[in-house]
Structures are given as structure tokens and as C-alpha cells.
Amino acid sequence: GALLLSGIVALSLLCATFLAPAVHAQTADLQLTQTASATAVATGATYTYTEVVKNNTSSASVTTGTITVYLQTPANTNYQAYVGTSWTCTAPAVNAAGPIICTYYAALTSGATASTLTITLQVNTGTASGTTIQSSATVTNSTFVDTTPANNTSLSSIVVEPLGSAD
């Protein structure tokens, strides 16, 4: 009796697992690539980070206003400006530090790349030669579950060099 009962319980659990309605969240694979405009800059110089978001999904179109790129001004830098078609950013005041949060206001179809987002920063005056400035930017989506979160963050670094010797 006990064996038969345990077999029936196991069978009913198995059926419940396979026959229950599946919950399907929308999925997408957004990828972010960050590129610094130089590998070395002088103290006080400006440089840019180019942020490129791609929808690697084979079938999903990501809706407008749901893609966000987040970047914190790296240590020893300050914010100057941003530019990008269909991008709107909340950023610190010019010459200040803090989070830069940008939202893309266009649909991003399957396999497409969003218009380039360019963020201009300045190396703080007095930053020592040899200092490495490291940046990390991340893309997120408020509607879709990202199937490959490992490619959502991109890192880059530049070195502060003496005035007159940078790229």
C-alpha cells in the first residue's frame, strides 16, 4: 500500500510539473560595448566613452523607453556632456561627479544596434601621472528578461600621463 501510494504521489507531482501552464516572460539579449577615446590622457584633458547597445535577440523587438545605460563617473574625473540620438540622460552638473543614467527612446529591433551614446568626461586637474582611470557601464531593460547578462557590462581603462605625452 505504501509503495503504491508513494508511486501515485510521485506520478501526480510529475503530471503537475509538466502539465501546469508555463509562465513566459519576454526575453532579450542586450549587449553593451564601451570604448574609451584614448588609452592615455593628460591631467585636465577631456576624453569620451562611446557606449554601443546591441539587441542580439533573434526575434524580440525591445520597446522604446525600456533600455537604460548606467555609468558612474570614474574616480579622478568629472562629467562634461553627453550626445546621442534618441538618448536622454540624467547626469551630474558639468564639472561634477556622480551617476549618469541614460534611457533610449526608440524601439530596438532584433539584431539592431542603438544609436551611439557618447559621454564626455574630464580628468581632474592634479590627478597624478600614472593613475589608472577605470570605467564600468551597464545596460539594463525594464521589460525583458536578459538571457545573457554576462554581456551587459563593459569595462575600460585609461592611464593619466604627464601633460604633452598622452594620445
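How many helices and strands does the secondary structure of the chain come to? The count is 1 helix and 12 strands, where helices (H or I, at least four residues) and strands (E, at least two) are DSSP runs numbered from the N terminus. Along the sequence the pattern is α-β-β-β-β-β-β-β-β-β-β-β-β.

This is a predicted model, in which local features need pLDDT of at least 70 and side-chain atom pairs count only at pLDDT 80 or more, while totals for chains, interfaces and linings use all residues. Residues are numbered from 1 along each chain as its sequence is written, and side-chain values use heavy atoms, with hydrogens and water left out.

**Stop 1**

Now keep strand 6 and strand 9 (residues 117–123), which run antiparallel and are joined by 6 bridges. Select Tyr 79: its bridge partner in strand 9 is Leu 121.

**Stop 2**

Strand 3 pairs with strand 12 (residues 153–161) in the parallel sense over 3 bridges. Ala 42 is placed opposite Glu 161 in strand 12.

**Stop 1: the nonpolar core**

Which residues touch the most other members of the largest nonpolar core? Select Tyr 47, Val 53, Ile 67 and Trp 87, out of 33 residues in this core. A nonpolar core is a set of buried Ala, Val, Leu, Ile, Met, Phe, Trp, Tyr and Cys residues joined through side-chain atoms within 4.5 Å. Buried means under 20% relative accessible area, exposed over 50%, and partly exposed in between (1.4 Å probe, protein chains only). Strand 9 gives the largest share of the core, 4 residues.

Leave Ile 67 selected. Beyond its neighbours within four places in sequence, Ile 67 has contacts (heavy atoms within 4.5 Å) that include Leu 30, Val 53, Trp 87 and Val 139.

**Stop 2: Asp 146**

Select Asp 146, which is found in strand 11 (residues 145–146). Is Asp 146 buried or partly exposed? Asp 146 counts as partly exposed because its relative accessibility is 21%. Its side chain reaches the backbone nitrogen of Thr 148 at 2.8 Å and makes a polar contact with the side chain of Asn 152 (3.3 Å). A polar contact is a pair of N or O atoms within 3.5 Å; within protein, one must be able to donate a hydrogen and the other to accept it, and residues adjacent in sequence count only if both atoms are side-chain atoms. Apart from neighbours within four places in sequence, Asp 146 is in contact with Ala 28, Asp 29, Leu 30 and Asn 152.

**Last stop: the whole chain**

Show all residues again. Of the 167 residues in the chain, 37% are buried. Among contacts between residues at least 6 apart in sequence, 75% join residues at least 24 apart.

Note on methods
Pairing = 2+ DSSP bridges.
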